[in-house]
Amino acid sequence: MPPTETAPCAIVGGGLAGFTAYATLRHGGLTASEIAVFGTDPDPAAEWRRRADAIRQRRMRSESDGHVAATSFPGLAVRSAIRQRDALPLVQSVFDRYHPTVDEFLQHVAEVRERSGWEVSFRGRRIEGIRPVEGGFELDEAGVFAHVLVAPGHPGLAFPEGLEGDKRAVHAYQPHDYADEVEIVGAGMAAATEWLNALAAGSTVVSVRRREPERRPLNLPRELFTRRGLGSFHATSKEQRLGLLRSWSTPSYPTGPEWDEPIDRARREGRFRIAPELNGAKQIICATGFKRGFRKDSLLAGLVDAHALDTADGSIVLGPDSTVPALTDEIRTLSIAGVPGQWAFPAADTLAGHKYAARRFLRRVRACRTR
């Protein structure tokens, strides 16, 4: 698009958060030609698939409504029940026990992509800067857009100090096999998955961690996914919210025999133990997640510096609807989705969080169009 051309909406980021926003806008009545999506890979699940493959993930931690479609119903449990002609997924979903397989989720993403017009809207381009102009935002020289949702994804893999570049170390989200003895740093979902993977491969596992992980089905307490719980979160002061976000950043993984029994068995066999420090194993797997904070993302850092945006401990302070208040008004919207949107929705990096930001972005677009 030449810089002189304008369009209603742009999505900066072609991953799952951007794709969920796109599906929501299309369901909300916008045509594919009214939306420009800027990203580096036309497959919205490409990066997620690579990480899932690296840790041999087989099932989702999310539940039936953890999908990319605009509406919650029908969820993945309904789709699975219809496909299998079996009501068991529906029964499991009632008790929050249904977790789709990775293959089911990826098939769903492919189906939504095929029918949504994604290829019409997608532009293979990385956006380096966002500049507010009259009536909207200019994205480099790609055009001017009245409403922009920024979904940049994770800014990079996080390694413990001193291990990035160490020949013994590999990140859990990078392709790898397992040595006879493996030290796995971390205590969250990726680490727990890697414990089981390495044990299944016949390795002896040392879990390197300094605190015990919490055991919960979702990556945050379930009440935060409800309207009431989120309302209480939005009512907090800046200091209170910072404290809550820090407390919820503790590592966790689900309960259940599928996690506990292999570890208990390996512990009895002398193949699993916990240590507070590395002890010199030939292989170190860093299940330590991603870099944190807007400073790790050049696009967000530039936006903050250029406009002196309100921030707190590495987070951009957002409105409850995921917008940047200083750059959003009656005729234009700048929203942030995905992991940098946690100030508005603590689980912003989940599929539920993607939908939260997407739906509120759609409301803003609709409201501005009717003025």
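Here are some notes on the structure above, for someone opening it for the first time.

1. Start with where the coordinates come from: this is a predicted model. Please keep that in mind while reading the points below.

2. Overall build. The protein chain has 12 helices and 16 strands. Its C-alpha trace spans about 70 × 50 × 40 Å along the principal axes. For 371 residues, a compact globule would have a radius of gyration near 21 Å, and the protein chain agrees with that at 21 Å.

3. Buried residues account for 52% of the 371 residues in the protein chain. The exposed surface comes to about 17,700 Å², with carbon and sulfur atoms supplying 50% of it.

4. Contacts along the chain. Take the contacts between residues at least 6 apart in sequence: 73% of them join residues at least 24 apart.

5. Aromatic rings. The count here is 12 aromatic pairs. One of them is Phe345 with Tyr356, a tilted pair with 4.7 Å centre to centre and 35° between the planes. Phe345 is in the loop between strand E16 (333-336) and helix H12 (351-369) while Tyr356 is in helix H12, so the pair ties together parts that are 11 residues apart in sequence.

6. Still on that pair, are the two residues buried or exposed? Phe345 counts as buried, at 5% relative accessibility. Tyr356 is buried too, with a relative accessible area of 8%. The cut-off for calling a residue buried is under 20%.

7. Phe19, Tyr22, Trp118 and Phe122 make up one aromatic cluster. Elsewhere, Arg241 has its charged end over the ring of Phe233, 4.7 Å from the ring's centre.

8. Now the charges. Side chains of opposite charge can pair when their charged atoms come close. In this model there are 20 salt bridges, and the next points go through a few.

9. Glu47 and Arg51. In this salt bridge the closest N and O atoms are 3.3 Å apart. Both residues belong to helix H2 (residues 46-54), and because they are 4 residues apart there, about one helical turn separates them.

10. Asp305 and Arg295. Here the closest N and O atoms of the salt bridge are 2.7 Å apart. The pair links distant parts of the chain, 10 residues apart: Asp305 is in helix H11 (residues 298-307), and Arg295 is in the loop between strand E13 (283-286) and H11. Asp305 counts as partly exposed, with 48% relative accessibility.

11. Glu269 and Arg271. These side chains also meet in a salt bridge, at 3.3 Å from N to O. Glu269 is partly exposed, its relative accessibility being 48%.

12. Finally, which residues are linked in a network of salt bridges? They are Asp43, Arg49, Arg113 and Glu119.

Conventions:
Residues are numbered from 1 along each chain as its sequence is written. This is a predicted model: local features need pLDDT of at least 70, side-chain atom pairs count only at pLDDT 80 or more; totals for chains, interfaces and linings use all residues. Side-chain values use heavy atoms; hydrogens and water are left out. Rings of Phe, Tyr and Trp (its six-membered ring) pair if their centres lie within 6.5 Å; planes under 30 degrees apart count as stacked, over 60 as edge-to-face and the rest as tilted. Helices (H or I, at least four residues) and strands (E, at least two) are DSSP runs, numbered from the N terminus. Buried means under 20% relative accessible area, exposed over 50%, partly exposed in between (1.4 Å probe, protein chains only). A charge sits over a ring if NZ of Lys or CZ of Arg is within 6 Å of the ring centre and within 35 degrees of the ring normal. A salt bridge is a side-chain nitrogen of Lys or Arg within 4 Å of a carboxyl oxygen of Asp or Glu. The radius of gyration is taken over C-alpha atoms; the globule rule is 2.2 Å times the number of residues to the power 0.38. Contact means heavy atoms within 4.5 Å. Accessible areas come from the Shrake-Rupley method with a 1.4 Å probe; for residues, only the protein chains shown count as cover.
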